[in-house]
Amino acid sequence: MGIYLNPKNKGFQEAINSEIYVDKTGLIACTNHLINTEQKFICVSRPRRFGKSMALKMLAAYYSRGYDSSDLFAGYKIEKDKTFQTHLNKYEVIFLNMQQFLIRAKRAKNMEFTECLEQVVIEDIRKVYGEMFSEGETILAAVLEQIYENTDKQFIFLIDEWDCVMRERQESEELQKEYLDFLRYLLKDQSYVALAYMTGILPVKKYGQHSALNMFWEYSMTNQYVFEEYTGFTEEEVKGLCERYEMDFAETGSWYDGYMFKRFKHIYNPRSVVAAMTCGDFSSYWTSTETYDALKVYMDMDYDGLRPDIVQMLGGGRVRVNTRSFRNDMRNFESKDDVLTLLIHLGYLGYDSETEEVFIPNREIVREFENAMSVGGWPEVMRILKASEKLLEDTLRGDGESVARALDKAHTEVSSILVYNDENSLGCAIGLAYYSARKDYKLIRELPTGRGFADVVFLPLPHTRNPALVVELKYNKTADTAIQQIKDRHYTQALEGYSGEILLVGINYDKDNTMKPHSCIIERQEM
């Protein structure tokens with residue numbers, strides 16, 4: 001019926017026409033249950049290329065008046081839900097892409113962002129309801145109030161890129177506040193609102209102790225609540241795609257898994273999985289839509305020792321984070337926790353809400369960190385990464401002396417950033433030193449074995465014939481002690497489903513031996 005009022009079904013039609021469409025129509029059942037409730041204001045934030053716009057097109061096709069979308073949803077999950085017919089094509093839908101209005105206002109002379117938006121949307125609404133409001137009306141909320149008063153019709157608002165003002169006008173606090181005030185007046189306490197569903201990368205911005213949009217319920221990468229399974233692809237969905245395209249499931253996980261929530265522990269980057277399946281090749285697809293310069297800016301902010309935390313995560317470790325102080329913008333940071341929280345929302349870090357820890361989720365993102373470090377500011381770490389190929393070769397040859405010397409050198413490089421205090425910090429350094437192994441192995445820190453935890457395990461990916469590595473670390477003890485612990489506690493038995501050669505790697509760090517602090521023993525074992 002219009003561009004902004006009840007847009008056509010074409011967007012969702014293109015999605016289901018595509019070679020790969022994963023059924024996410026169950027999301028509609030969730031939003032149906034929130035219509036005309038106190039939870040009807042929904043702000044869903046996810047990283048780029050995580051299906052935000054596609055979800056909005058699906059909701060628009062389902063709710064918009066003037067169409068019969070029954071055939072579009074035939075055979076999909078929502079068709080079986082009891083609420084399907086109740087809300088199908090029953091609402092006036094206003095679909096707004098804020099990014100487009102921001103660009104349009106910039107090109108228009110002497111016109112503010114919100115002024116441009118109201119003018120354009122009112123003109124679109126006028127085509128259907130022009131007789132219900134005056135020719136000179138310029139306030140969108142006033143127009144919708146008059147339509148509701150005359151027709152009793154409610155509106156569903158679908159807002160894409162809601163946070164573009166916060167991201168692209170970071171320096172303009174005045175514009176941001178004006179924009180938030182506009183949204184508050186348009187939506188809050190308005191009887192014509194049946195549902196408001198907006199998406200972006202950032203949750204709602206906070207000013208001081210309050211939020212201008214405090215009526216919104218936030219579903220972000222720190223907690224998606226009922227929308228968990230619609231945030232990305234689930235494990236079962238990816239298994240099905242791997243079978244269909246004859247792609248290895250384990251390697252798919254090493255590349256694109258790593259995002260997790262309370263119920264769904266494995267969430268995959270949807271855009272990258274689709275690209276890998278259709279291209280038949282594992283590569284960095286999601287990060288090819290971004291620039292590493294953006295990540296580098298935040299990595300170089302060394303708040304409270306952010307650099308050691310990044311090194312720890314590059315080594316396969318995790319870092320505790322407080323996500324609650326973040327003001328939900330990309331400019332005002334007060335601590336490293338704020339920077340780490342932003343990186344969660346941007347998709348550069350995974351987040352475990354149960355332990356409140358962050359980590360680098362997968363190989364695709366590890367590569368982006370490597371790209372950001374390669375352009376300067378991280379020379380010590382880059383030298384370790386470049387030497388990691390030789391370290392793995394020495395390990396596979398069973399050359400414990402060469403491994404120990406390489407670890408001594410790596411320790412010298414990283415000692416200015418990461419201090420060895422215990423076996424955990426040693427494990428992070430070891431994980432960093434074996435960085436290149438990730439192209440052939442899945443690295444597991446603290447693998448449960450039934451009789452303790454193996455410090456570091458490298459499980460070979462299906463495309464390689466390399467042996468598995470079980471690495472035990474000791475601090476101020478001996479490498480012999482490390483090897484003996486692997487044997488005594490039967491750590492190799494934890495490698496369920498694996499058969500083939502295993503290398504037992506015992507590494508000790510002696511803080512009092514300044515000349516040769518590391519020692520290493522490597523033994524071979526058949527599983």
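Author: Strand β12 is mostly covered, with 6 of its 8 residues buried. The model discussed here is predicted. β12 spans residues 453–460, and it has partners in both β11 and β13.

The pairing of β11 with β12 is antiparallel and extends over 7 bridges. Within this pairing, L447 stands opposite A454 of β12. The two strands form a hairpin with 4 residues between them, and there G450 takes a positive phi near 95 degrees. The other partner is β13, residues 468–475, which runs antiparallel to β12 and is joined to it by 3 bridges. In that pairing V457 faces V470 of β13. In general, strands of a sheet pair through backbone hydrogen bonds, in either the parallel or the antiparallel sense.

β12 is one of the elements that give two or more residues to the lining of the largest pocket; the others are α11 (249–256), α16 (363–374) and β11 (441–448). This pocket holds about 1300 Å³ of space. Its lining comprises 40 residues, of which H266, P361, K442, L443 and I444 are the closest to the centre.

Helices α1 (10–17), α3 (52–63) and α12 (270–279) each supply at least two lining residues. Of the contributing elements, α3 gives the most, with 6 residues. The composition of this lining is 14 nonpolar, 7 polar and 10 charged residues.

β9 and β10 (residues 357–359) run antiparallel and are joined by 3 bridges. Across this pairing, G350 has F359 of β10 as its bridge partner.

The buried residues of α14 are L306, R307, D309, I310, V311, Q312, M313 and L314. Just after this helix, G316 takes a positive phi of about 90 degrees.

In soluble globular proteins, nonpolar side chains tend to be buried together. The largest nonpolar core in the model has 122 residues, and I125 and W162 touch the most other members. Helix α6 (residues 113–129) gives the most to this core, with 8 residues. Leaving aside neighbours within four places in sequence, I125 is in contact with L5, I94, G130, F133, L140, V143, L144 and I147. Apart from this core lies another, of 36 residues, which include F12, F73, F84 and L158.

Two of the residues named in that other core, F73 and F84, are among the residues that I78 touches. I78 lies in the loop between α3 and α4 (84–87). It counts as buried because its relative accessibility is 1%, under the 20% limit. Not counting residues up to four places away in sequence, I78 touches T25, I28, A29, F73 and F84. The C-alpha atoms of I78 and T25 are separated by 5.4 Å, although these residues are 53 residues apart along the chain.

T412 provides a contrast in accessibility. This residue is found in helix α18 (residues 400–414). At 59% relative accessibility, T412 counts as exposed, because the value is over 50%. T412 and I384 are 28 residues apart in sequence and 9.9 Å apart in space, C-alpha to C-alpha.

To return to the strand requested: β12 is mostly covered, has antiparallel partners in β11 and β13, and gives two or more residues to the lining of the largest pocket.

Methods. Residues numbered from 1 in each chain as written. Predicted model: local features only at pLDDT ≥ 70, side-chain atom pairs only at ≥ 80, totals over all residues. Heavy atoms only, no water. Pairing = 2+ DSSP bridges. 1 Å grid on protein atoms, 1.4 Å probe; cavity = no way out; pocket = protein on both sides within 12 Å on 5 of 7 lines; lining within 4 Å. Points joined across faces, edges and corners; volume = space filled by probe spheres on them. Nonpolar A, V, L, I, M, F, W, Y, C, P; charged D, E, K, R; others polar. Core = buried A, V, L, I, M, F, W, Y, C linked by side-chain atoms within 4.5 Å. Buried < 20%, exposed > 50% of the residue type's maximum accessible area, 1.4 Å probe, protein only. Contact = heavy atoms within 4.5 Å.
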